[in-house]
Amino acid sequence: MANESMEALAAKREKAIVKTSVIGVITNVLLAVFKAAIGMISHSIAVTLDAVNNLSDALSSVITIIGAKLGAKQPDKKHPLGYGRIEYISSMLVAAIVLYAGITSLVESVKKIIHPEAADYSKVSLIIIAVAIAVKLVLGQYVKKQGKKHNSGALVASGSDALFDAILSASVLASAIIYLVWHVSLEAYVGVVIAVIIIKAGVEMMIETLNDVLGKRSDKEDVKAIKSLICEEPEVRGAYDLIMYNYGPNKNYASVHIELPDTMTVDEVDMLTRRIQAKVYCESGVILTGIGVYSYNTSDDEAAQIRNTVQKTVLAHEWALQLHGFYADTESKTMRFDVVVSFDIDSTDAVKMLTNEIQSLYPDYSLQIVPDIDA
């Protein structure tokens with residue numbers, strides 16, 4: 001049932017992205033045709049560049065459709081975790097197109113500043129530009145809303161770009177009115193401004209997509225929510241080391257460690273971890289691929305005292321953010337625990353320092369200290 005539900009949601013998401021992108025393609029092509037005609041008739045570089053920008057938006061929507069289709073392919077032997085990350089590649093291509101359009105626009109605008117050409121606007125051309133602004137505002141809001149609803153970075157980027165276009169088209173309209181009223185030609189300079197804004201948007205889109213490809217810190221609220229779900233189980237004293245792995249929009253896998261009493265049997269732990277996996281998936285859509293277990297002392301007062309002393313020693317360092325998974329065996333004289341260290345110190349150096357300090361306090365004990373990153 002869970003797999004069927006997941007597949008149904010993925011199919012619904014793909015259909016919505018394709019539908020939204022098709023609307024974007026048709027709208028942008030029509031706007032590009034009208035603006036190109038106005039640009040050629042009026043000899044306006046700003047309007048012509050605006051038309052080119054609409055064509056690049058149409059191409060971006062086509063790439064978004066292809067990315068959504070390929071990203072929705074079912075997992076297979078070669079790619080067992082699916083093809084979702086293809087959408088990040090399509091987003092990078094969209095960003096590259098936006099960058100190219102911005103750089104080309106900048107070059108053409110500078111040429112017009114060096115070799116100016118008088119524009120010739122008509123009332124009809126001004127009305128069409130005004131209508132284009134309204135269309136772009138509506139389209140931008142719609143596409144961006146659908147992108148957020150269906151977790152599509154490419155759609156969100158396209159929607160934001162469309163809203164930018166509306167602002168840029170408004171600046172073109174303003175320069176045309178200024179020319180008609182005061183006979184001052186600003187359109188080449190407006191073209192430069194348009195180009196710079198397009199380039200900036202392209203760079204930001206590229207950086208955001210690269211972060212998705214490289215992997216970035218999980219959202220704090222998501223991590224907190226999943227840990228809270230796990231800790232609702234009465235046997236769980238704490239949830240730690242939650243690391244999420246993203247394989248495309250809405251395709252998140254994770255691993256976690258939980259702290260359990262040393263009195264639980266393997267059968268009880270097995271039932272608990274299965275219950276936790278089902279609960280986290282149903283509530284958050286995140287698939288827990290692995291649950292590690294820490295045991296804690298339940299009946300050894302001496303071990304509890306050792307833990308308090310060790311914890312105080314460890315957390316005295318600013319770079320030591322958390323201690324967990326502590327267990328001390330007072331009979332075999334062994335001690336083990338994990339320490340979350342910040343990025344301000346090398347983890348190897350941190351372990352050496354802590355080993356020396358704690359070994360001096362408990363020279364008879366064999367230590368096992370595992371450093372965890374601040375994920």
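The structure is a predicted model, in which local features need pLDDT of at least 70 and side-chain atom pairs count only at pLDDT 80 or more, while totals for chains, interfaces and linings use all residues. Residues are numbered from 1 along each chain as its sequence is written, and side-chain values use heavy atoms, with hydrogens and water left out. The model holds one cavity of 30 Å³ or more, and a search of the whole structure finds seven salt bridges. Helices (H or I, at least four residues) and strands (E, at least two) are DSSP runs, numbered from the N terminus. For accessibility, buried means under 20% relative accessible area, exposed over 50%, and partly exposed in between, with a 1.4 Å probe and protein chains only.

**Nonpolar core**

- The largest nonpolar core has 22 residues, and those with the most contacts inside it are I129, V172, I194 and M205.
- A core of this kind is a set of buried Ala, Val, Leu, Ile, Met, Phe, Trp, Tyr and Cys residues joined through side-chain atoms within 4.5 Å.

**Cavity**

- The largest cavity has a volume of about 140 Å³.
- A cavity is a set of points, on a 1 Å grid over the protein atoms alone, where a 1.4 Å probe fits but cannot get out; its lining residues have an atom within 4 Å of a point.
- Grid points are joined across faces, edges and corners, and a volume is the space filled by probe spheres set on the points.
- The largest cavity is lined by 19 residues, of which N28, D57, S61, V143 and S158 are the closest to its centre.
- Two or more lining residues come from each of α1, α2 (45-71), α3 (86-114), α4 (123-149) and α5 (153-182).
- Helix α5 gives the most to the lining of the largest cavity, with five residues.
- By class, this lining has eight nonpolar, eight polar and three charged residues.
- In that count, Ala, Val, Leu, Ile, Met, Phe, Trp, Tyr, Cys and Pro are nonpolar, Asp, Glu, Lys and Arg are charged, and the others, Gly among them, are polar.

**Salt bridges**

- A salt bridge is a side-chain nitrogen of Lys or Arg within 4 Å of a carboxyl oxygen of Asp or Glu.
- E232 pairs with K279 in a salt bridge, and their closest N and O atoms are 2.7 Å apart.
- This pair links distant parts of the chain, with E232 in the loop between α7 (220-231) and β1 (238-246) and K279 in helix α8 (residues 266-284), 47 residues apart.
- E232 is exposed at 52% relative accessibility, whereas K279 is partly exposed at 22%.
- R275 forms a salt bridge with E235, where the closest N and O atoms are 3.7 Å apart.
- The partners are again in distant parts of the chain, R275 in helix α8 and E235 in the loop between α7 and β1, 40 residues apart.
- A network of salt bridges links E232, E233, E235, R275 and K279.
- D270 forms a salt bridge with R274, the closest N and O atoms being 3.0 Å apart.
- Both D270 and R274 lie in helix α8, four residues apart, about one turn of the helix.
- D270 is partly exposed at 33% relative accessibility, and R274 is exposed at 55%.

**Cysteines**

- The count of disulfides (pairs of cysteine sulfur atoms within 2.5 Å) comes to zero.
- C231 is in no disulfide, because the nearest cysteine sulfur, that of C282, is 18 Å away, too far for a bond.
- C231 is partly exposed, with a relative accessible area of 34%, whereas C282 is exposed at 65%.

**Individual residues**

- K19 is located in helix α1 (residues 2-42) and is exposed, at 54% relative accessibility.
- The C-alpha atoms of K19 and I65 are separated by 8.6 Å, and the two residues are 46 apart along the chain.
- D241 has a positive phi of about 55° although it is not a glycine.
- D241 belongs to strand β1 and is buried, with a relative accessible area of 19%.
- K333, also a residue other than glycine, has a positive phi near 60°.
- K333 lies in the loop between β4 (320-329) and β5 (334-341) and is partly exposed, with a relative accessible area of 31%.

Methods:
On a 1 Å grid over the protein atoms alone, a cavity is a set of points where a 1.4 Å probe fits but cannot get out, and a pocket is an open set with protein on both sides within 12 Å along at least five of seven lines; lining residues have an atom within 4 Å of a point.
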